[in-house]
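This report describes a single protein chain, shown below.

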Amino acid sequence: MQAIGIHHVALNVTDLDAALAFYTGPLGMTVRTDRPELGLPGAWLDIAPGGGQVHLLQVPPPASMGQHVAIQVGDLAAVVDELRASGVQVSEPSAIATSLQAFCTDPSGNAIELHQADVS
């Protein structure tokens, strides 16, 4: 098998409305209209055209260790400034190998890594 990328990441959220406001507001994702009926509240979101998806499922989240979704960005400093201006708490960017990363959380406590690749 040769993996060619990530199609989507599914996240458990406790409040779908708050999660939608966060992911479509400060993070700029858009809601898809083709989500199938799964018997529980949720939403499918596009990160960007051709950029993958985030699937939100309103269920109690399990305990997690290290669970997060990483969103690649072009200019981490600008993204951090923009998110902070909209009221999102974001960590200071830090170097990891040849990249930069910063973290924030969604309203349900899911960790979001903001990742700028190859800044060397």
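Ala 43 stands opposite Leu 56 in β4. This is a predicted model, in which local features need pLDDT of at least 70 and side-chain atom pairs count only at pLDDT 80 or more, while totals for chains, interfaces and linings use all residues. Residues are numbered from 1 along each chain as its sequence is written, and side-chain values use heavy atoms, with hydrogens and water left out.

## Sheet

Helices (H or I, at least four residues) and strands (E, at least two) are DSSP runs, numbered from the N terminus. Two strands pair if DSSP finds at least two bridges between them. Strand β3 covers residues 42-46, and β4 covers residues 53-58. The two are antiparallel, with 5 bridges between them. Besides the pair already given, Val 54 in β4 has Leu 45 opposite. The hairpin of β3 and β4 has 6 residues between the strands, and there Gly 50 takes a positive phi near 75°.

Strand β2 (residues 30-31) also runs antiparallel to β3, joined to it by 2 bridges. Thr 30 has Asp 46 of β3 as its bridge partner. Taken together, 4 strands make an open sheet of mixed pairing, in the order β1-β4-β3-β2. Its edge strands are β1 and β2, each of which pairs on one side only.

Buried means under 20% relative accessible area, exposed over 50%, and partly exposed in between (1.4 Å probe, protein chains only). Strand β3 is largely enclosed by the rest of the structure, because 4 of its 5 residues are buried. In a regular strand the side chains alternate between the two faces of the sheet.

## Aromatic contacts

Rings of Phe, Tyr and Trp (its six-membered ring) pair if their centres lie within 6.5 Å; planes under 30 degrees apart count as stacked, over 60 as edge-to-face and the rest as tilted. The whole structure holds 1 aromatic pair. The ring centres of Phe 22 and Tyr 23 are 5.1 Å apart and the planes stand at 90°, so the pair is edge-to-face. Phe 22 is buried at 8% relative accessibility, and Tyr 23 is buried at 0%.

A charge sits over a ring if NZ of Lys or CZ of Arg is within 6 Å of the ring centre and within 35 degrees of the ring normal. Arg 35 lies over the face of Trp 44, 5.0 Å from the ring centre.

## Exposed loop residues

Ala 97 has a positive phi near 55° and is not glycine. Its place is the loop between β6 (94-96) and β7 (99-105), and Ala 97 is exposed at 79% relative accessibility. Asp 118, also not a glycine, has a positive phi of about 45°. Asp 118 belongs to the segment after β8 (111-116), and with a relative accessible area of 60% it is exposed.

Gly 87 lies in the loop between α2 and β6. At 61% relative accessibility, Gly 87 is exposed. Between Gly 87 and Glu 113 there are 17 Å from C-alpha to C-alpha, and the two are 26 residues apart in sequence.

## Pockets

On a 1 Å grid over the protein atoms alone, a pocket is an open set of points where a 1.4 Å probe fits, with protein on both sides within 12 Å along at least five of seven lines; lining residues have an atom within 4 Å of a point. Grid points are joined across faces, edges and corners, and a volume is the space filled by probe spheres set on the points. For the classes, Ala, Val, Leu, Ile, Met, Phe, Trp, Tyr, Cys and Pro count as nonpolar, Asp, Glu, Lys and Arg as charged, and the others, Gly among them, as polar.

| Pocket | Volume |
|---|---|
| Largest pocket | about 210 Å³ |
| Second largest pocket | about 160 Å³ |

The lining of the largest pocket includes Ile 6, His 7, His 8, Gly 51, Gly 52 and Ile 71. β1 (8-13) and β5 (68-72) are the elements that give two or more residues to that lining, and β5 has the largest share, with 4 residues. The class count is 6 nonpolar, 6 polar and no charged residues.

Among the residues lining the second largest pocket are Pro 26, Met 29, Ile 71, Glu 82 and Leu 114. Here β5 and α2 (76-85) each supply at least two residues, and α2 gives the most, with 3 residues. The lining of the second largest pocket has 9 nonpolar, 1 polar and 1 charged residues. Ile 47 lines the largest pocket, and Ile 47 also lines the second largest pocket.
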